[in-house]
Amino acid sequence: MNASFSLQGKHALVTGGTRGIGRAISLQLARAGAKVQANYVRGSETADSLKREADAEGLPIELVRADITGEKGLERLSAAIDATGSPLSILVHCAATGVHRPVDQLTLREYDWTFALNVRAFFEIVHRLLPRFAQGSSIVALSSEGAVHAVPNYTLVGASKGALESMVRHLAVELAPRGIRVNALSPGSIATDAWKAMPDAERRLAEAAERTPSGRLTSLAEVASAALFLCSDASSGIAGHTLVVDGGARIRS
């Protein structure tokens, strides 16, 4: 591996790191040499399967079960990071939730729930762990097309991702003097379990593939590779940027 892409000796935290995009990123960072802590709150079977896959490959991935929307969970997460005895070099915020319905069917409780994980938890983790970040660290937040384009039944998630991208830009400016880079990664449509919550998912995935010049959906491996790039020294000149990995789909949006 090119040395600039190596994460050897680095300590990474991936929220939502045991399923879908987060799982792919956890594995990719570990394969590049990082010691990874993969956070999750539900889905023990998925988390255990990640651990088995990591152990089979000899990858240093540790599971950290903690609800990052609450004080107790954040304390548990902080304690797990401190227990490693090493500073934090990488944070990738993949944890996300949302309700996919027309706006007149949404509630304020669902609004609070969506923003609590997608935006506030990211802010709280960065704020709480700031003293633990090493010089040259990288923070990456997972966004989506809904941050900049209107997507049907996506009001709450899209608005939260728009707020997340704005926060990334502001943090990039404030944290740069500390030697910390902050960026966002915005994947295209990927056929993960998250689509099970979306109305008419099969049709929408087919339409997404048609919008892409290559005629196919984005792959988990492509997004994980982009995350590795943003977390590595190879992207040392990139800050406050949203990297779109969608095979060109948004050219035609």
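User: How much space lies in the second largest pocket?
Analyst: In this predicted model, the second largest pocket holds about 150 Å³ of space.

User: Which residues line that pocket?
Analyst: The lining consists of Phe123, Val126, His127, Leu130, Met167, His170, Leu171, Glu174, Leu175 and Arg178.

User: And how do the residues of the lining divide into nonpolar, polar and charged?
Analyst: Six residues of the lining are nonpolar, two are polar and two are charged.

User: Which element gives the most?
Analyst: The largest contribution to the lining of the second largest pocket comes from α5, with five residues.

User: Turning to the helices, at what angle do the axes of α4 and α5 cross?
Analyst: The axes of α4 (residues 108-129) and α5 (residues 155-175) cross at roughly 15 degrees and come within 10 Å. Angles under 35 degrees count as roughly parallel, and α4 and α5 are therefore roughly parallel to each other.

User: Is the crossing left-handed or right-handed?
Analyst: The crossing of α4 with α5 is right-handed.

User: Which residues make the contact?
Analyst: From α4, the contact involves Glu110, Tyr111, Thr114, Phe115, Asn118, Val119, Phe122, Phe123 and Val126.

How values were computed
Residues are numbered from 1 along each chain as its sequence is written. This is a predicted model: local features need pLDDT of at least 70, side-chain atom pairs count only at pLDDT 80 or more; totals for chains, interfaces and linings use all residues. Side-chain values use heavy atoms; hydrogens and water are left out. Axes are lines fitted to C-alpha atoms, for helices over the stretch in contact, and angles run from 0 to 180 degrees between N-to-C directions. Helices (H or I, at least four residues) and strands (E, at least two) are DSSP runs, numbered from the N terminus. Angles under 35 degrees count as roughly parallel, over 145 as roughly antiparallel, 65 to 115 as roughly perpendicular and the rest as oblique. A crossing is left-handed if the near helix is turned anticlockwise from the far one by less than a right angle, and right-handed if clockwise. Contact means heavy atoms within 4.5 Å. On a 1 Å grid over the protein atoms alone, a cavity is a set of points where a 1.4 Å probe fits but cannot get out, and a pocket is an open set with protein on both sides within 12 Å along at least five of seven lines; lining residues have an atom within 4 Å of a point. Grid points are joined across faces, edges and corners, and a volume is the space filled by probe spheres set on the points. Ala, Val, Leu, Ile, Met, Phe, Trp, Tyr, Cys and Pro count as nonpolar, Asp, Glu, Lys and Arg as charged, and the others, Gly among them, as polar.
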